[in-house]
Amino acid sequence: MTIFSAIVSLFLVFNVLGNIPFYIAVLKRYTPRRQKIILIRELFFAIIILFLFSFFGDSILSGIGISEGTLGISGGIILLLIAITMIFPKHSQDGLPDHEPYIVPIAIPCMAGPGSITAVMLYSQTFSSIWITPFIILCAVIPSLILLLLASNIKYLVGEKGLIAFERLGGLLICFIAIQMISGGAIKLVKENFPNTYQTEMHR
């Protein structure tokens with residue numbers, strides 16, 4: 001996995017375009033200026049949460065005995081489930097908060113949800129430098145913030161059907177990435193548990 005593919009996959013996991021109708025519904029009672037303040041604040045919280053998992057996620061996994069191969073397979077499965085829900089969406093606006101959103105539901109789970117947290121933890125094990133994953137997070141969050149600030153304009157330009165098309169296309173791309181993660185995790189799991197068998201098969 002390259003840094004660029006990691007940025008693209010994390011941006012797709014955020015699924016900003018597909019969730020634009022939800023963001024608009026949550027923030028519709030506020031003025032445009034207040035909406036921007038809320039979005040910037042919530043994305044700041046999401047960045048902090050993802051940074052924490054980027055720096056300490058590896059230690060947490062090591063402490064509970066989760067290997068890199070297991071993380072790759074489980075992360076791929078979670079991304080695959082997210083991809084399926086994006087390709088076959090069930091949009092609902094039930095249960096929207098009556099108060100101003102604070103951390104939930106925009107920061108968590110829309111931005112820093114199971115998929116993005118798992119992806120960040122996987123990146124922290126994949127790349128050698130501890131600063132690469134925070135860089136990936138920032139590169140994925142910045143275009144997401146821009147799209148959110150332009151949410152009303154984007155919905156007006158492409159309409160509901162256009163947003164659904166973007167969401168399903170993103171889901172398809174995430175599906176490819178998820179399968180690659182699962183296969184890579186399976187190979188690492190074999191290496192970790194059956195090193196001699198793996199080396200024998202590779203030399204045949």
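What follows is a short exchange about this model.

Modeller: This is a predicted model, with local features needing pLDDT of at least 70, side-chain atom pairs counted only at pLDDT 80 or more, and totals for chains, interfaces and linings using all residues. Residues are numbered from 1 along each chain as its sequence is written, and side-chain values use heavy atoms, with hydrogens and water left out.

Biologist: How far apart are the end C-alpha atoms of helix H1?

Modeller: Helices (H or I, at least four residues) are DSSP runs, numbered from the N terminus. The expected span is 1.5 Å times one less than the number of residues. H1 has 12 residues, 3-14, so it should span 16 Å; the end C-alpha atoms agree with this, at 17 Å.

Biologist: Which residue takes a positive phi just after H1?

Modeller: Its phi is about 50°. The residue is Asn 15.

Biologist: Which backbone oxygen lies 2.9 Å from a polar atom of the side chain of Gln 35?

Modeller: Gln 35 sits in helix H3, residues 32-63. Leaving aside neighbours within four places in sequence, Gln 35 is in contact (heavy atoms within 4.5 Å) with Leu 27, Lys 28 and Tyr 30. The oxygen at 2.9 Å belongs to Leu 27.

Biologist: How are the rings of Phe 51 and Phe 55 arranged?

Modeller: Rings of Phe, Tyr and Trp (its six-membered ring) pair if their centres lie within 6.5 Å; planes under 30 degrees apart count as stacked, over 60 as edge-to-face and the rest as tilted. The count comes to 5 aromatic pairs. For Phe 51 and Phe 55, the centres are 6.3 Å apart and the planes are at 80°, so the pair is edge-to-face.

Biologist: Is Glu 42 buried or exposed?

Modeller: Buried means under 20% relative accessible area, exposed over 50%, partly exposed in between (1.4 Å probe, protein chains only). The value for Glu 42 is 0%, so Glu 42 counts as buried.

Biologist: Which residues are linked in a network of salt bridges?

Modeller: A salt bridge is a side-chain nitrogen of Lys or Arg within 4 Å of a carboxyl oxygen of Asp or Glu. Glu 100 pairs with Arg 34, the closest N and O atoms being 2.8 Å apart, and these partners are 66 residues apart. Arg 41 forms salt bridges with Glu 42 and with Glu 100. The network is Arg 34, Arg 41, Glu 42 and Glu 100.

How values were computed
Helix = DSSP H or I, 4+ residues; strand = E, 2+ residues; numbered from the N terminus. Polar contact = N/O pair within 3.5 Å; in protein donor to acceptor, adjacent residues only side chain to side chain.
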